[in-house]
Amino acid sequence: MSHGAYIRIGIALLIAFTVTSTNLPAAAAPSNLAAAYISTDTASTLQPSKRQTDHKRKKRRSTRKPSPVMSWETLKRQYPNVFLTNGSRSLNRVALTFDDAPDPRFTPAILDVLAQYDVCATFFVVGERAAKHPELVSRIIREGHVIGNHSFDHSVFSKLSMYQFQQQIWKTDGIIQQITGVSPTLIRPPYGELLSKQVSWGKQNGFTIVNWDVDSEDWKRNPDSARVMANIKRTLQPGSIILQHAGGGVGQDLSGTIQALPSLIELLEGKGYELVTLSELINKHPYRN
């Protein structure tokens, strides 16, 4: 083949390649939708997805050392006369205590029974509820019962910062003081749970933290009066602090507590127990001077 023939073949191939390139189908160039996917995929390689970010955050949280929640026995040894679960075992006295007051569904009926038997008890008040039902808080005081501080909104103290914990106490204190003119010295942490440093703060500020040694378990699955009574009898002894409730959450029914209360009072008095307020049982002033 001559040199000129090679040149003519080369020119023909070049022309054919050029024509083919200019007639490529549109799919060879990215459409707007494809461009969007490419943009999204590129962004995902530069910035972690929300799932990836959440996973990393959870991983960081899980590596944090949890705050030490001590047993009640340890707290009692560490803070004698400040963290208590019972009174003197040498005296035939017990204290009825009611958490989560005031609640218009249950608190008035409990107060009616106590008035009928001329028994004074101790009510641990939630600040948020007290602000909504000040008339019930006033009635509790007027009828001779003692009021304690049970937080502002029933938060778990051990999960709060020290500032948040202190606000739970002081906000509730202010509400009770405004309604009744008294500031409680007795604190009961929701669920009975708090940290050593919170007990220490309570000691420094003149508070006494009081839990219980008899749990009626009236908060668990709406028990009837027979179950409430059986739960109380199980660990009852001189100096006992009996936990019951005068308020509940959505779907909670304290009818068993109300119906058991007359029988409980009669049982205790029949066994020779003196029913006293919590401050009398532990020999502490219930309010600040």
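**Close-up views of side-chain contacts**

View 1. Asp-112 forms a salt bridge with Arg-139, and the closest N and O atoms of the two side chains are 2.6 Å apart. The pair links distant parts of the chain, since Asp-112 belongs to helix 5 (residues 107-116) and Arg-139 to helix 7 (residues 134-142), 27 residues apart. Asp-112 is partly exposed, with a relative accessible area of 43%, whereas Arg-139, at 17%, is buried. This view, like those that follow, is taken from a predicted model.

**View 2. The salt bridge of Arg-188 and Asp-99****.** Among the 10 salt bridges that the structure holds, the one between Arg-188 and Asp-99 has its closest N and O atoms 2.9 Å apart. Arg-188 lies in the loop between strand 5 (186-187) and helix 9, and Asp-99 lies in strand 2 (residues 93-101), so the pair ties together parts that are 89 residues apart in sequence. Arg-188 counts as buried at 0% relative accessibility, and Asp-99 counts as buried at 3%.

**View 3. An aromatic cluster.** Phe-157, Phe-165, Trp-170, Trp-201 and Phe-207 form one aromatic cluster, in a structure for which the count comes to 8 aromatic pairs. Trp-170 and Trp-201 form an edge-to-face pair, 5.6 Å centre to centre and with 75° between the planes; the pair links distant parts of the chain, with Trp-170 in helix 8 (residues 162-180) and Trp-201 in helix 9 (residues 196-204), 31 residues apart. Trp-170 counts as partly exposed at 34% relative accessibility, while Trp-201 counts as buried at 10%. Trp-201 also forms a stacked pair with Phe-207, 5.7 Å centre to centre and with 20° between the planes, and Phe-207 counts as buried at 3% relative accessibility.

**View 4. Charged side chains over aromatic rings.** The charged end of Arg-288 sits over the ring of Phe-207, 4.3 Å from its centre. Lys-171 lies over the face of Phe-152, at 3.9 Å from the ring centre.

**View 5. The nonpolar cores.** The largest nonpolar core has 51 residues, of which Leu-96, Phe-98, Leu-114, Phe-123, Leu-261, Leu-268 and Leu-278 touch the most other members. Helix 11 (residues 255-270) gives the most to this core, with 6 residues. Leaving aside its neighbours within four places in sequence, Leu-114 is in contact with Leu-96, Phe-98, Val-119, Ala-121, Phe-123, His-145, Leu-261 and Ile-265. A second, separate core of 14 residues includes Val-82, Phe-83, Phe-157 and Ile-187.

Conventions:
Residues are numbered from 1 along each chain as its sequence is written. This is a predicted model: local features need pLDDT of at least 70, side-chain atom pairs count only at pLDDT 80 or more; totals for chains, interfaces and linings use all residues. Side-chain values use heavy atoms; hydrogens and water are left out. Rings of Phe, Tyr and Trp (its six-membered ring) pair if their centres lie within 6.5 Å; planes under 30 degrees apart count as stacked, over 60 as edge-to-face and the rest as tilted. Helices (H or I, at least four residues) and strands (E, at least two) are DSSP runs, numbered from the N terminus. Buried means under 20% relative accessible area, exposed over 50%, partly exposed in between (1.4 Å probe, protein chains only). A charge sits over a ring if NZ of Lys or CZ of Arg is within 6 Å of the ring centre and within 35 degrees of the ring normal. A nonpolar core is a set of buried Ala, Val, Leu, Ile, Met, Phe, Trp, Tyr and Cys residues joined through side-chain atoms within 4.5 Å. Contact means heavy atoms within 4.5 Å. A salt bridge is a side-chain nitrogen of Lys or Arg within 4 Å of a carboxyl oxygen of Asp or Glu.
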